[in-house]
Amino acid sequence: MFPAEKFLISRPLKTRSEFSLAWFYPNTYTVGMAGLGYQLVFRLLDEDADIAVLRGFTDMEEPGVSDAAIFGFTLSWELDYANIVKILRKHDIPVSAKDRDDDHPLVFGGGPVLTANPEPFADIFDVVLLGDAEVAVPSFLAAYREARKLNSRRDQLLSMANTDGIYIPQFYDVQYLSEKDYLGPVASIKSTDGVPALPRKKVFSPPFDYVAHSIVLSPETAWGKMFLVEVVRSCPQECRFCLASFLTRPFRATNIDTLMGAIEMGLKHTNKIGLLGPSVTEHPRFDEIAKRLRGREDLSLSIASVRADTLTEEILATLASLGQKSVTIAIESGSERLREIMKKNLSEAEILHAVSLVEVSGLETIKFYAIAGLPHETQEDLDETIRLLTQLKKTHRKLRFVLGISTFVPKAQTPFQWNGRDRDCGKKLEYLRKNLSKIGIDVRPESHNWSDIQALLSRGDRRLHPILKAVQENSGNLGAWKKAIREAAANDDGMPPVRDFYIFRDIPGDEILPWSHLQDEEKTLYLGKHNEAALALSLDEPARS
């Protein structure tokens, strides 16, 4: 049974439906229903008066899910894929799309992981949605309605394959330079049956009065009764490792009056408001937003990560007056050299100034995000991080310092997609933890072993499907991953192991990437120039224009 929920919008009355659709988040209700993206797609689906939309999670689902004509999944974290496999098996749906017949539900997926690189999961999905949900979901529903008029599953999928925002993996033939598994890169990717050679992503151009916001509040979600509203989408800075900057371009800022209207609507139901975006203070009029919120006694505000160079006394005073106790800033590294290589566009002077403003504002805690093992990182860069944070800790004794630190994971469709992971990233993580913990900084490292698996999936291809199935069949924990990867490597006749090929290898610039057909040539060239610029900076050489 679902926990108590409050719907903030009117739902259409549905006395009968054309078909039913099961909309899943492959994790618990607490995690899934807290996500603005999951709620957004639920709203887009539910607004259609002729579709019965049923929600599902790993720990609960609405009655009737098993009879749905369509099973949909959002995938915002690579490692949630195992739960998709579990859900399909629970409902007696073949895990592989090629094993489904006309009597099985259609299985589609969407979300940032699949838009960036769906290839490791290509065998699972009949349909993958590419791009912004606001345009991809309605386009899919319209295409499916037309396809339902056809008799066979194959004909239905073929009819949808020509629609922008829809990718049908089974109609793309992938060949490799070696016939044996895991031994070589992609040789070619060719469309078949007349479908487009390059599936096109759908990009949403929001109207003046549009804003994405929560439609359901429940105390049982991770955010509790917090009303979430999107302030910006994408990021104009284009840090070279960042998926948010490059996958969801162009940068879009919510109209300020529309934003304030959404906040007022949320305040009718709760006093907790969360402002979301890769960096909410990148909104070109965020100073005005802060001014209009300041002094509201009926409001408790929470914001996501901010950029140090956008903080002002006004913004911080607003946050403090509205109950926020801390602020989060992603510096990635204490090294000015490395920040320049990754195009962080943030100087040490700006970091120092921001921390001084935070202390004066009365906020209690400052949390930094950092990344170890970035491309072109040296020991001196690590020592610079220790130096900077030690200096800040000594200078600002009133503040509590927290450092959340992860290791670099190369993401498809970013400039660093060609760069492999640092084999010593675990040692680097421990070096930073040891040296910063002893000066009183609360260091919170992420697991570098799980980051290896993220990298495997982020840059993987269709040959990983047997590994994915084996992992899910053996509990899905880290030990299961290591075993499956070991066994796959043992079948490679002594050739480079799976870990070397997918996780740690630097990919040559002229190699066909598994997701090349989902990234047009112009974007590939653009990302390549970014990567070359980073290399030139690391060597202190001028980049090619």
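Is Arg 89 buried, exposed or partly exposed, and what is its relative accessible area? Arg 89 is partly exposed, at a relative accessible area of 31%; buried means under 20%, exposed over 50% and partly exposed in between, with a 1.4 Å probe and protein chains only.

The model is predicted: local features need pLDDT of at least 70, side-chain atom pairs count only at pLDDT 80 or more, and totals for chains, interfaces and linings use all residues. Residues are numbered from 1 along each chain as its sequence is written, and side-chain values use heavy atoms, with hydrogens and water left out.

**Figure 1. The whole chain.** The chain has 19 helices and 19 strands, which are DSSP runs numbered from the N terminus (helices: H or I, at least four residues; strands: E, at least two). The radius of gyration is 24 Å, close to the 24 Å that the globule rule gives for 545 residues, so the chain is as compact as a globular protein of that length. This radius is taken over C-alpha atoms, and the globule rule is 2.2 Å times the number of residues to the power 0.38. The C-alpha trace spans about 70 × 60 × 45 Å along its principal axes. Of the 545 residues, 57% count as buried. Among contacts (heavy atoms within 4.5 Å) with a separation of 6 or more, 76% join residues 24 or more positions apart.

**Figure 2. Surroundings of Arg 89.** Arg 89 belongs to helix 3 (residues 81-90). Apart from neighbours within four places in sequence, Arg 89 is in contact with Val 95, Lys 469, Gln 472 and Glu 473. With Gln 472 there is a polar contact, side chain to side chain, at 2.2 Å. A polar contact is a pair of N or O atoms within 3.5 Å; within protein, one must be able to donate a hydrogen and the other to accept it, and residues adjacent in sequence count only if both atoms are side-chain atoms. Ile 439 lies 350 residues from Arg 89 in sequence and 50 Å away in space, C-alpha to C-alpha.

**Figure 3. Aromatic pairs.** The whole structure holds 20 aromatic pairs. Rings of Phe, Tyr and Trp (its six-membered ring) pair if their centres lie within 6.5 Å; planes under 30 degrees apart count as stacked, over 60 as edge-to-face and the rest as tilted. Trp 23 and Phe 108 are stacked, because their ring centres are 6.0 Å apart and their planes at 10 degrees. This pair links distant parts of the chain, with Trp 23 in strand 2 (residues 19-24) and Phe 108 in strand 5 (residues 106-110), 85 residues apart. Trp 23 and Phe 108 are both buried. Phe 408 and Phe 416 make an edge-to-face pair, 6.0 Å centre to centre with 85 degrees between the planes; both Phe 408 and Phe 416 are buried. One aromatic cluster includes Phe 2, Trp 23, Tyr 38, Phe 108 and Phe 140.

**Figure 4. Arginines over aromatic rings.** The charged end of Arg 55 sits over the ring of Phe 42, 5.2 Å from the ring centre. Arg 505 lies over the face of Phe 501, at 4.1 Å from the ring centre. A charge sits over a ring if NZ of Lys or CZ of Arg is within 6 Å of the ring centre and within 35 degrees of the ring normal.

Figure 5. Ser 139 is found in helix 5 (residues 133-147) and is buried at 14% relative accessibility. Not counting residues up to four places away in sequence, Ser 139 touches Thr 163, Asp 164 and Lys 202.

**Figure 6. Backbone features in loops.** Arg 249 and Pro 250 are joined by a cis peptide bond, with omega about 5 degrees. Pro 250 is in the loop between helix 7 (243-247) and strand 13 (252-253). Ser 234 has a positive phi, near 70 degrees, and is buried at 3% relative accessibility.
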